[in-house]
Amino acid sequence: MGCCSVTPITKGIDDVGPDEIELLEINGAGVWSLGECRLQVSLRNETDEPSKRSPPARNIAKEGTDEPPHRSPPARNLRNATKECSDSISANESAQKESAQKRNSQVVLWGQTKDELHQKLYTHPIRDWEGRAAHAYGDIIYSSLVFLHNGYMKAMAERYLVLFSFHLLILALDNSTHDFIYEGILPLSAIEVRVISQHDPCAPHMFEISGPMVDSKIFICANAAEQKIWIENIKDRRYKSLKQQLSPSHSALSYLLPCDEGWKREELKRYLLRSPILQWEGSPIQHMGQPAYLSLVHISNTQRQGSQERLIVLFPLDLLILSVDSQRLRVKYEGRLPRKSIRALERSARHGRLEFELTGDLMESLLVSCTYPEDYQSWIFQLQQPEKTQAFPNHTPPPLIPKKRRS
């Protein structure tokens, strides 16, 4: 008779995760109001159905006393109170929706309103876009035109910021063609936001976003009210992003590991470049270039002690070593090795063990065990450096100078 779709649809949620839920209803301020809805339903049920309960026994006057019976409030008063409470909640929600609709109906860019720009983001291609489609990030919480401040060149450039439930999208503008140009999308859990001092007349309405994996960026808003909206919304969504406890069924990482298929490897590469990595050190991962290869392996010392699962990623100049928790929810930084100073030596593939030894000048040798022959062959090919031969001086004698003849 019917069917049920289980395809994850992102709608922007706080308690269930970024890849679920279209059953709740979001209000104009971008906050889920499940509890509020339950309260209103409860109140409406009480007002619609007359009370059929008998008075409690303790309200009946005792025999032989002149104390009048204690009467409960009339049902009409209770209905009036609950109706006023329900009306107050509805009026508050209506005011918030009207305020959001008013902001979104104003012309902000290229003669288009925010609602029209949001629709364009979802339906029209964005130049130089990377990764999954924009609609996969869920509902847009807020967006506006800002200026990106370049502290080195003392210059400013127009940017359009788009805040999703769990990500911040940065877009450049092509005013000649009215096109958006993709510049990057940042997970809110990996950034921090702060207000630039308002006492500096040269820095009006500025806020800064930064993080261990993100280059610091300073944005200038049109006015103080817009700056306040950005600060409050980013902090609120960041808090909810950090607070939520994802289960393995909601984590993209759990679907990509083990990376035993080609499409999983490609998706995992993109995932690592976009998602926060715990305890990261050094320059941002985006500055390391494009990953050439990656796989899950087990690493131990040459005496086979302390074998641990690791995700190793090969970049143009470095070998990145990461760990993944048992539930496949979080990635943690474990270190990196300069590619030019390490070398893979074949170990004992003839016994069915897909192992190679990772050696280097300033490191202890590590034994790397692969699960699949394809991984073993790829790592050997990528990490085998030619043998270094000692450079001997050139002892070729200099050319002989012909003797001059006496005339």
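Biologist: Is Lys-240 buried or exposed?
Modeller: Lys-240 is buried, at 14% relative accessible area. Buried means under 20%, exposed over 50%, and partly exposed in between, with a 1.4 Å probe and protein chains only. This is a predicted model: local features need pLDDT of at least 70, side-chain atom pairs count only at pLDDT 80 or more, and totals for chains, interfaces and linings use all residues. Residues are numbered from 1 along each chain as its sequence is written, and side-chain values use heavy atoms, leaving out hydrogens and water.

Biologist: Which residue forms a salt bridge with Lys-240?
Modeller: Asp-236, with the closest N and O atoms 3.1 Å apart. A salt bridge here is a side-chain nitrogen of Lys or Arg within 4 Å of a carboxyl oxygen of Asp or Glu. Asp-236 is partly exposed, at 28%.

Biologist: Where do Asp-236 and Lys-240 sit?
Modeller: In helix 4 (residues 224-243), 4 residues apart, so about one helical turn separates them. Helices are DSSP runs of H or I, at least four residues; strands are runs of E, at least two; both are numbered from the N terminus.

Biologist: How many salt bridges by this rule?
Modeller: The count is 12. Another pair is Glu-130 with Arg-274, at 4.0 Å, N to O. Glu-130 lies in the loop between helix 3 and strand 3 (140-150) and Arg-274 in helix 6 (residues 262-274), so the pair ties together parts 144 residues apart in sequence.

Biologist: Buried or exposed, what is Arg-274?
Modeller: Arg-274 is buried, at 18%. Glu-130 is partly exposed, at 47%.
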